[in-house]
Structure formats: structure tokens, C-alpha cells
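User: I have a structure open and want to go through it with you. Can we take it piece by piece?

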Amino acid sequence: MSDCGCGPTEVETKEQRRALWIALILNGIMFIVEVTAGIIAQSTGLIADGLDMLTDASAYAIALAAIGRSANFKAKAATLSGSLLMLVGIGVLADVVRRAIVGTTPEGSWMIAIALVALVVNVVVLRLLSKQRRDEVHIRAAWIFTRADIVANSAVIASGVAVLLTSIGYFDLVVGAAIGLYVVKEALEILRKAKKARIESE
């Protein structure tokens with residue numbers, strides 16, 4: 001099957017590697033920025049988004065390792081990515097419950113500013129990944145991660161505006177819970193596609 005001409009060319013592989021390295025570095029930086037800002041601003045939404053960035057960075061690292069490898073290896077890499085994303089989603093939901101009990105009010109201005117930066121970063125990464133072979137399951141998984149981040153960033157910005165206008169912290173909790181549920185949904189999608197790809201590769 002390696003001679004069928006249906007796999008990525010050397011140029012495509014090089015472009016995939018370049019795009020994933022840029023995505024990995026940007027997400028690693030934003031993980032530190034968002035989690036730090038989330039702790040300072042007492043925002044579940046920002047912390048959730050930051051943890052999602054860390055998982056994305058892990059997914060990009062896994063996708064980098066999968067470039068040039070067999071279809072079965074790529075399917076296993078996507079499975080690992082989906083599993084990591086699932087853990088993050090569950091962790092975010094647990095933090096929402098904890099903060100609901102503690103009852104802190106986040107800083108809306110911090111939420112808006114940091115989430116805007118994260119949104120710009122994810123739009124850049126999504127454009128890079130969209131130019132690659134989205135039919136390959138490991139790249140597709142990375143693309144899904146980034147798409148989920150853009151939705152999460154937008155939700156954090158919206159909740160930041162709501163908190164800023166009303167000083168009601170529950171907006172942040174609602175968004176944190178929504179991000180957690182969305183992350184779990186995306187994880188299930190990746191795992192489903194990875195399972196299908198693994199079966200097809202056997």
C-alpha cells in the first residue's frame with residue numbers, strides 16, 4: 001500500500017511537521033499564560049481553556065511522532081490524543097463542581113483579555129492545520145482539538161463580558177462546564193474516528 005501514491009509526499013510531510021511544531025510551541029506558551037491568569041483571576045473558564053491548551057500541545061507532539069509512520073500507528077496516536085482529551089474534560093467538570101462549592105467571583109477583564117489572545121493563537125493554528133491532509137486521522141485529531149479551542153475561547157470571552165457587567169461568577173462556571181462537556185464530546189469523536197482507522201488499517 002505504500003506505493004499506491006495515496007500517502008503524503010515528502011513535501012507534505014515536511015509541511016505537516018512545520019505546522020505541528022508551530023502549534024505545539026504556541027499551545028505550550030498559552031497553557032502557561034492561561035492557567036497562570038486563571039489562578040490569578042479565579043476563573044474556571046481560563047483554567048479549563050489553559051488545560052485544554054496543554055492537551056492540545058500533547059496531541060501535536062503525538063501527531064509529530066506519527067508523521068511518516070504506518071496507518072495503524074497514526075490510529076493509535078489519535079486514540080491516545082482522544083484519551084488525554086477525555087481526561088481533561090472530566091478534570092474540568094470536577095473543577096467546576098469544586099469552584100461552585102467555594103463560590104469565588106472571577107475577574108471579567110482578565111478573562112476577556114487572555115481569552116482574546118488565545119483565540120488569535122488558535123485561529124492561526126487552525127489555518128495552518130487546515131492546509132494539511134485532514135483525511136489522515138492523526139492530523140484530523142489535531143485539527144479537531146484546535147476547533148474545540150476556538151469554541152472554548154469564544155465562550156470564555158462571552159462569560160468574561162457577562163461577569164464584568166453583572167459581577168455574577170456563575171457565568172464563568174457555566175462556561176467552564178460547557179467547555180468540559182464539549183471537550184468530552186470532541187474526545188469521543190476522536191476516539192470513534194481512531195477506532196475506525198485502526199480497523200481499516202488491519
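User: Before that, what sort of model is it, and how are residues numbered?

Analyst: It is a predicted model, in which local features need pLDDT of at least 70, side-chain atom pairs count only at pLDDT 80 or more, and totals for chains, interfaces and linings use all residues. Residues are numbered from 1 along each chain as its sequence is written, and side-chain values use heavy atoms, with hydrogens and water left out.

User: OK, the core. Which residues touch the most other members?

Analyst: The largest nonpolar core has 46 residues, and Leu20, Tyr60, Leu129, Val156, Ile179 and Ile190 touch the most other members. A nonpolar core here is a set of buried Ala, Val, Leu, Ile, Met, Phe, Trp, Tyr and Cys residues joined through side-chain atoms within 4.5 Å. Buried means under 20% relative accessible area, exposed means over 50%, and partly exposed is in between, using a 1.4 Å probe and protein chains only.

User: Which elements give two or more residues to this core?

Analyst: Helices H1 (10–41), H2 (44–66), H3 (71–102), H4 (108–130), H5 (137–166) and H6 (170–201) do. Helices are DSSP runs of H or I with at least four residues, strands are runs of E with at least two, and both are numbered from the N terminus.

User: And which one gives the most?

Analyst: H5, with ten residues.

User: Switching to annotation. Where does UniProt put "transmembrane region"?

Analyst: The UniProt entry, which is unreviewed, gives that annotation to residues 20–41, 53–71, 78–97, 109–129 and 141–162. UniProt positions are given in the numbering used here, feature names are shortened, and annotations may be inferred rather than shown by experiment.

User: How much helix is in residues 20–41 of the model?

Analyst: That span is 100% helix and 0% strand, with its end C-alpha atoms 30 Å apart. For residues 53–71, the figures are 79% helix and 0% strand, with 26 Å between the end C-alpha atoms.

User: Helix packing next. How do H3 and H6 pack?

Analyst: They pack at an angle of about 160 degrees, with their axes 8 Å apart. Axes are lines fitted to C-alpha atoms, for helices over the stretch in contact, and angles run from 0 to 180 degrees between N-to-C directions. H3 and H6 are therefore roughly antiparallel to each other. Angles under 35 degrees count as roughly parallel, over 145 as roughly antiparallel, 65 to 115 as roughly perpendicular and the rest as oblique.

User: Left-handed or right-handed crossing for H3 and H6?

Analyst: Left-handed. That term applies if the near helix is turned anticlockwise from the far one by less than a right angle; clockwise would be right-handed.

User: What is in the H3 contact with H6, by class?

Analyst: There are 21 nonpolar, eight polar and three charged residues. Ala, Val, Leu, Ile, Met, Phe, Trp, Tyr, Cys and Pro count as nonpolar, Asp, Glu, Lys and Arg as charged, and the others, Gly among them, as polar.

User: And H2 with H4, parallel or antiparallel?

Analyst: H2 and H4 are roughly parallel to each other. Their packing angle is about 20 degrees, their axes are 11 Å apart, and their crossing is left-handed.

User: What about Ser167's phi?

Analyst: Ser167 is not a glycine either, and its phi is positive, at about 60 degrees. Ser167 sits in the loop between H5 and H6 and counts as exposed because its relative accessibility is 53%.

User: Ser43, buried or exposed?

Analyst: Ser43 counts as buried, at 0% relative accessibility, and is in the loop between H1 and H2. Ser43 and Met111 are 68 residues apart in sequence and 7.1 Å apart in space, C-alpha to C-alpha.

User: Last one: where is Glu200?

Analyst: Glu200 is in helix H6 and counts as exposed, at 59% relative accessibility. Its C-alpha is separated by 9.6 Å from that of Ala75, 125 residues apart along the chain.
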